[in-house]
Amino acid sequence: MERSPGEGPSPSPMDQPSAPSDPTDQPPAAHAKLDPGSGGQPAGPGAAGEALAVLTSFGRRLLVLIPVYLAGAVGLSVGFVLFGLALYLGWRRVRDEKERSLRAARQLLDDEEQLTAKTLYMSHRELPAWVSFPDVEKAEWLNKIVAQVWPFLGQYMEKLLAETVAPAVRGSNPHLQTFTFTRVELGEKPLRIIGVKVHPGQRKEQILLDLNISYVGDVQIDVEVKKYFCKAGVKGMQLHGVLRVILEPLIGDLPIVGAVSMFFIRRPTLDINWTGMTNLLDIPGLSSLSDTMIMDSIAAFLVLPNRLLVPLVPDLQDVAQLRSPLPRGIIRIHLLAARGLSSKDKYVKGLIEGKSDPYALVRLGTQTFCSRVIDEELNPQWGETYEVMVHEVPGQEIEVEVFDKDPDKDDFLGRMKLDVGKVLQAGVLDDWFPLQGGQGQVHLRLEWLSLLSDAEKLEQVLQWNRGVSSRPEPPSAAILVVYLDRAQDLPMVTSELYPPQLKKGNKEPNPMVQLSIQDVTQESKAVYSTNCPVWEEAFRFFLQDPQSQELDVQILYLDSSEICFPTVPGSPGAWDVDSESPQRGSSVDAPPRPCHTTPDSQFGTEHVLRIHVLEAQDLIAKDRFLGGLVKGKSDPYVKLKLAGRSFRSHVVREDLNPRWNEVFEVIVTSVPGQELEVEVFDKDLDKDDFLGRCKVSLTTVLNSGFLDEWLTLEDVPSGRLHLRLERLTPRPTAAELEEVLQVNSLIQTQKSAELAAALLSVYMERAEDLPLRKGTKPPNPYATLTVGDTSHKTKTVSQTSAPVWDESASFLIRKPHIESLELQVRGEGTGLLGSLSLPLSELLVADQLCLDRWFTLSSGQGQVLLRAQLGILVSQHSGVEAHSHSYSHSSSSLSEEPELWGGPPHITSSAPELRQRLTHVDSPLEAPAGPLGQVKLTVWYYSEERKLVSIVHGCRALRQNGRDPPDPYVSLLLLPDKNRGTKRKTSQKKRTLSPEFNERFEWELPLDEALRRKLDVSVKSNSSFMSRERELLGKVQLDLAETDLSQGVARWYDLMDDKDKGSS
């Protein structure tokens, strides 16, 4: 049932915007009101009615004569009759005067302004200027009360900060354990209430007041962190805004008002004067940033839709509904166009006037939307749709600001504001609105959508939405409001391995909740040091199809790797003392040392996402020359953000259709709601220009395993980006490692880093028997795990020789045969306590590629319990199949690899053949190397990219001419050209006869031209430090017409002198 404008929201977890009565007609109207009927007037009284009126009047007159008749019957004189008549007339006069006075007072209260003008025989315009009837009233009496209460409020604030806020701050971070408030004074200037406006209640059980508050005070609050000798504070503050106070519900018992709700309808303005170390926040740039951060914190609990609730009676019903009521309705904002905007772009120092690059910001409370930029247009057409939740009517305003996009600071073009109450009254409002502070108009279509508490019209709404084209997001069919109240008896963060029932002194967690629906994720605040947290927060989601969408709720512990999921009795996640295996100890207080680690269920479940940034098309041109008269192109590059990491491609110069062909890899989890953020920029000398953005939900990639799409760039007029994403799931088998390494070398691009062949997951549980510092005192140990250039540091456990870390880390492994895990256990202030080096080659021969045991540290004193497991990253789209698969499957998959990842085209050999070739190439039964040595090369033609690709793997058994080994490098040249355009060379290796390069080189040329070329490969060495001469160690010349460029197989070639050719 559709609500009326004055009807309050009913508690329901899911409400639908009202559906249209006819899907082919107009969108759904907000509120339907029935017009009164237009029938005739009722008929006048008939003859019987007139006769009855005459008889009634005659009867009243007879009643007046009855006292006279009674006085004569008892023999009284006429004086008694006259006295009684005079007494009656006097009583009647007094009564009429009272009724007339009451009617006049009541009329004055009803309409003071109209009665004043009528009494003075003046029109409203003829009244004196000093006679006013303000909508907002002054409340000086209230300011006098506040001024008298202000000192006592200061005492309460001092007690609140010292006894409640300070302990919470000290418990939130170990570094703030010495945090204290050294001074709390609210000053002598109290808060002032400039005006009070009382809204006539649309609901009888509530009272609405708007308080226009202004605080320009001499407040002084000083804090100190004694451990770091850090002092900071606030001395003086200004705060201005409109605070709405709602008194509801009204009850029939004292104190009449059940609760008080307070919130700011719009963000208040704030200015703070800092002292101490926080004086740095007054630096230009930091000042606005710090004020914005503080305003964000205030908005998190005191700006709509957030509110502060103060119950005044115990056992108040519907506290959740009062603290977070459902929205009053939804407004669908269609930002259509603008016209007549002012021109802000100037060229040649203002001599030539250009146009503007307008975009719009749409706001309602804390909900903000930004449109795309329309380049060089004074009459832009946006055609975008946004949906906002309306919580208070009247009070909230729709605000639209139009700006001109510039490289440095955007120019203001104008703004408009509209009270949402007008949209509620009109239902559908379609109009051009003038821009204030500038020139021009903006075209908006505003629709009010009511909320229904049942799903009766859901199918009708879904059918209507399917026929509506909306960007950037599809239209919503419902909203979901989730009220998060509290939790009880959450698992403790155990300081030991054993269940909480068996161990005392467990650490209380810092729980928070994450709620996700598809790509939208919201997080609650963190409640510190409790396993029974109270959140009392509301979360609101727009739903496109409630029938197919799901809500995912997770409880996470802050500063911990543990994720708590709801467990049911008997589930593996719940502790069960009886189900535990028998312990080899007789004392519960001293359990035996465990033999293996017990990581949580999330350990080792990570995936690797391989991101292939291929190309872009139709990018906008941002480079301009001669003051903007000549338009150039752009120098684009791509920025990627995912899972807390950022990547950046190389810059392609002066190209609106660039090809990057770069591959990036990142470790991801299966937590829903993750997005890959992609932004494209134009590289400039000062500030890079924005070329567009797009987002990719990881849900699709993690479920399907592969995604290859052209993505339209948002917030720009044109442009699209080609991405390929693949999920790599680690496999606990080393059977296909050589194939993975071979395929990685084939799909490796020239600009990308070396691809990962495996994922290493390490769970660092505990250590024992660590050396004491200075012989007697236990250390404060922490551990660092390092693989290559990547490190992970655990938390520091204070004063113990048997720390428990319970932390995990993951590393991308590119060469499992030669890389190793380096572990160091250190103590804060004491240095190295012990170290461990674990070659990953040991994991390759272990069962399930996993080692889980105690390891002795190199110092000889101390052991660590850790679990290290390796997973081979087998790509399903690169031609390498699992070892248990049939050869036919491997063959078909391998033939598809070039189209997906850029490997050699037309590969028809199966995975066993590939394995056979690898074995043959590296077999010790091969013919021995020639007198000059050998060079190992892979040469093939990549038809999709139209490139000739060569990988120089290395050399062996090179000739040593002098006393010292040479410093070799490899030079490649495409004959018959000998210019620098076709020349490539590797890096130089020092003093070795068997260098390893593993470097890739590319030449862009058609296949028919490549078949006419010869690849000249020379191995050279520097003659001396002061000479530019190069010593030729040997060379080989490959006739590409006689080489199979479709296989991409690594081969050893014999080096010859300058007169001979090499042979395979």
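The model is predicted. The chain comprises 1064 residues, and 43% of them count as buried. Its secondary structure consists of 14 helices and 52 strands. The accessible surface amounts to about 57600 Å². Carbon and sulfur atoms contribute 54% of that area. Among contacts in the chain with a separation of 6 or more, 64% are made by residues 24 or more positions apart.

Four strands build it, in the order E13-E12-E15-E16, with antiparallel pairing. In general, strands of a sheet pair through backbone hydrogen bonds, either parallel or antiparallel.

Two pairings involve E15. Strand E15 covers residues 397–404, and strand E16 covers residues 411–419. Eight bridges link these two strands in the antiparallel sense. E15 and E16 form a hairpin, with six residues between them. In this pairing, Asp404 stands opposite Asp411 in E16. Strand E12 (residues 358–364) also runs antiparallel to E15, joined to it by six bridges. Here Pro358 stands opposite Asp404 in E15.

Two loop residues were then considered. Ser343 lies in the loop that connects strand E9 (329–339) with strand E10 (346–347). Its relative accessible area is 14%. Ser343 is therefore buried, as the value falls under the 20% cut-off. Leaving aside neighbours within four places in sequence, Ser343 is in contact with Glu353, Gly354, Lys355, Ser356 and Leu378. With Lys355 there is also a polar approach: the side chain of Ser343 reaches the backbone oxygen of Lys355 at 3.5 Å.

Thr530 also has a loop position. The loop runs between strand E22 (520–523) and strand E23 (534–543). Thr530 has a relative accessible area of 17%. This value is under 20%, so Thr530 counts as buried. Leaving aside neighbours within four places in sequence, the contacts of Thr530 are with Glu508, Pro509 and Pro511.

Key. Residues are numbered from 1 along each chain as its sequence is written. This is a predicted model: local features need pLDDT of at least 70, side-chain atom pairs count only at pLDDT 80 or more; totals for chains, interfaces and linings use all residues. Side-chain values use heavy atoms; hydrogens and water are left out. Buried means under 20% relative accessible area, exposed over 50%, partly exposed in between (1.4 Å probe, protein chains only). Contact means heavy atoms within 4.5 Å. Two strands pair if DSSP finds at least two bridges between them. Accessible areas come from the Shrake-Rupley method with a 1.4 Å probe; for residues, only the protein chains shown count as cover. A polar contact is a pair of N or O atoms within 3.5 Å; within protein, one must be able to donate a hydrogen and the other to accept it, and residues adjacent in sequence count only if both atoms are side-chain atoms.
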